[in-house]
Amino acid sequence: MNTIEKHDKYIMKSYGRLPLAVANGNGVNLTAEDGKKYIDFGSGIGTNSLGFCDDDWVKAVSEQLKTLQHNSNYYYNKPGADFAEKLCEITGYTNMFFSNSGAEANECAIKIARKYSFDKYGKGTGRQNIITLKGSFHGRTIATLSATGQEDFHNYFFPFLEGFIHVEPNNISDLNQKLDDSVCAVMLEYIQGEGGVCPLDIDFVNEVFKLCTMKDVLVIADEVQTGTGRTGKFLCGANYPKNGKKADITTLAKGLFGGLPGGVCMSGEKCAGVLTPGTHGSTYGGNPIVMAGGLVVLEKVSNPDFLDEVVKKGDYIREQLLQLDEIEKIDGLGLMLGITLKTKIAKDVMNAALEKGLLTLTAKEKLRLLPPLTIDYQSLDRGLSILAEVLQ
Ligand SMILES: *Cc1c(COP(=O)(O)O)cnc(C)c1O
């Protein structure tokens, strides 16, 4: 049996996979088991922020691997401490919890929001609901599925969790109506990723921050996809003025560790002490190998010149693609782009591009591009010319 047959035989079919068995990767280039070469405009759904097997990242990870692969959270280790210090320096947050994935980072945010309210306002006040937005995606656990504001995800696995109220994105009156005394937090993605690369309006985000500040309701920014430089700022929240305010809690995962599994739930002083010993945990959270890889990502991606380049490359892709007749519009920021096509179906384009050696993604009805942040212009041109060929 070859890899694909073996996979299909032994691994549960929870994914609709494309017929490509990946053998190895280097930078933006990928080689399949059959020797065919591909250019990667998806970076493992935004995880391989530095591309495949970046030299410095490989070095840091391999050295850590030879030093200490894991210790339990009963003890301390340096990679986690260094990573956390650097991430606080970059983002201005003061404290964090380490998880293994985006969904778990959001689970942590949900727990902090509810306990913050419980600690401050007491049991029985009913101040426990979390507003999330329609079209959002927050993960695959039961709690984060319940938070996810898409009906498609609310099937089969009943009962879902109580305590999530879904508001129409960019609809201030819907927000006003639903943000009552039962609410302890509002959770949002500045740009809804899985929901179709749909950015929130600045006015709506400002209103969320204004109302939440007035009512002592926490703002949780799910930056699992938009974070780590993806939009040309280290945090996408920096693209939104919000009267200088920052989300009380921000979650990160995907690109943060360069392709190793991890997530972070960060808070400022306000929520720094909410989680007390025994209230939350994760066996692998803060794993030193993951942290060593993440530190390299932080060092590279936090560089202002690197972030400017992300913006420029995003602008370049837009310029090139908007010359094609088939393209209606392009949403998103930096290297997180959602392309609306005039006549073609995004999934068909993704399949045709794969056939010609280019990996892309879709998000709802849009073609989605999340190339590695380190991509060079020559590779961009190669990928874009394949896309042009497919779209012509
Ligand atoms: C991918 C994603 C998640 C879930 O992350 P996992 O690591 O798959 O659990 C949560 N929120 C957003 C915005 C995402 O894009």
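1. In this predicted model, the side chain of Asp54 comes to 3.0 Å from the backbone nitrogen of Trp57. Asp54 itself sits in the loop that joins helix 2 (43-46) to helix 3 (55-67). Its relative accessible area is 15%, and because buried means under 20%, Asp54 counts as buried. When residues up to four places away in sequence are not counted, Asp54 touches Val296 and Lys300.

2. Helix 5 covers residues 102-121, and its length can be checked against its geometry: at 1.5 Å a residue, its 20 residues should span 28 Å, and the end C-alpha atoms are 28 Å apart, so the two values agree. A number of its residues are buried, among them Gly102, Ala103, Ala105 and Asn106, and the list of buried positions in helix 5 also includes Cys108, Ile112, Tyr116 and Ser117. The residue that follows helix 5 is Gly122, which has a positive phi near 90 degrees.

3. Two residues other than glycine deserve a look for their backbone angles, given that most residues other than glycine have a negative phi. Tyr156, in the loop between helix 6 and strand 6, has a positive phi of about 65 degrees, and with a relative accessible area of 71% Tyr156 is exposed. Asn170 likewise has a positive phi of about 65 degrees, but Asn170 belongs to the loop between strand 6 and helix 7 (172-178), where it is partly exposed, with a relative accessible area of 30%.

4. The peptide bond leading from Phe158 to Pro159 is cis, with omega near -5 degrees.

5. Ala23 belongs to strand 1, residues 22-26, and is partly exposed, its relative accessible area being 44%. Although Ala23 and Glu33 are 10 residues apart in sequence, their C-alpha atoms are 4.9 Å apart in space. Once the neighbours within four places in sequence are left aside, the contacts of Ala23 are with Thr31, Ala32 and Glu33.

6. The second largest pocket has a volume of about 920 Å³. Its lining consists of 35 residues, of which Asn73, Met96, Phe97, Phe98 and His280 are the closest to the pocket's centre. Helix 4 (78-91), strand 4 (95-99), strand 12 (263-267) and helix 9 (269-272) are the elements that each give two or more residues to this lining. By residue type, the lining of the second largest pocket divides into 18 nonpolar and 17 polar residues, with no charged ones.

7. The largest cavity has a volume of about 50 Å³. Among the residues that line it are Gly46, Ser49, Val224, Gln225 and Gly227, and the lining of the largest cavity also includes Thr228, Arg230, Lys254, Gly255 and Leu373. These lining residues divide into two nonpolar, six polar and two charged.

Key: Residues numbered from 1 in each chain as written. Predicted model: local features only at pLDDT ≥ 70, side-chain atom pairs only at ≥ 80, totals over all residues. Heavy atoms only, no water. 1 Å grid on protein atoms, 1.4 Å probe; cavity = no way out; pocket = protein on both sides within 12 Å on 5 of 7 lines; lining within 4 Å. Points joined across faces, edges and corners; volume = space filled by probe spheres on them. Nonpolar A, V, L, I, M, F, W, Y, C, P; charged D, E, K, R; others polar. Helix = DSSP H or I, 4+ residues; strand = E, 2+ residues; numbered from the N terminus. Expected span 1.5 Å × (residues − 1). Buried < 20%, exposed > 50% of the residue type's maximum accessible area, 1.4 Å probe, protein only. Polar contact = N/O pair within 3.5 Å; in protein donor to acceptor, adjacent residues only side chain to side chain. Contact = heavy atoms within 4.5 Å.
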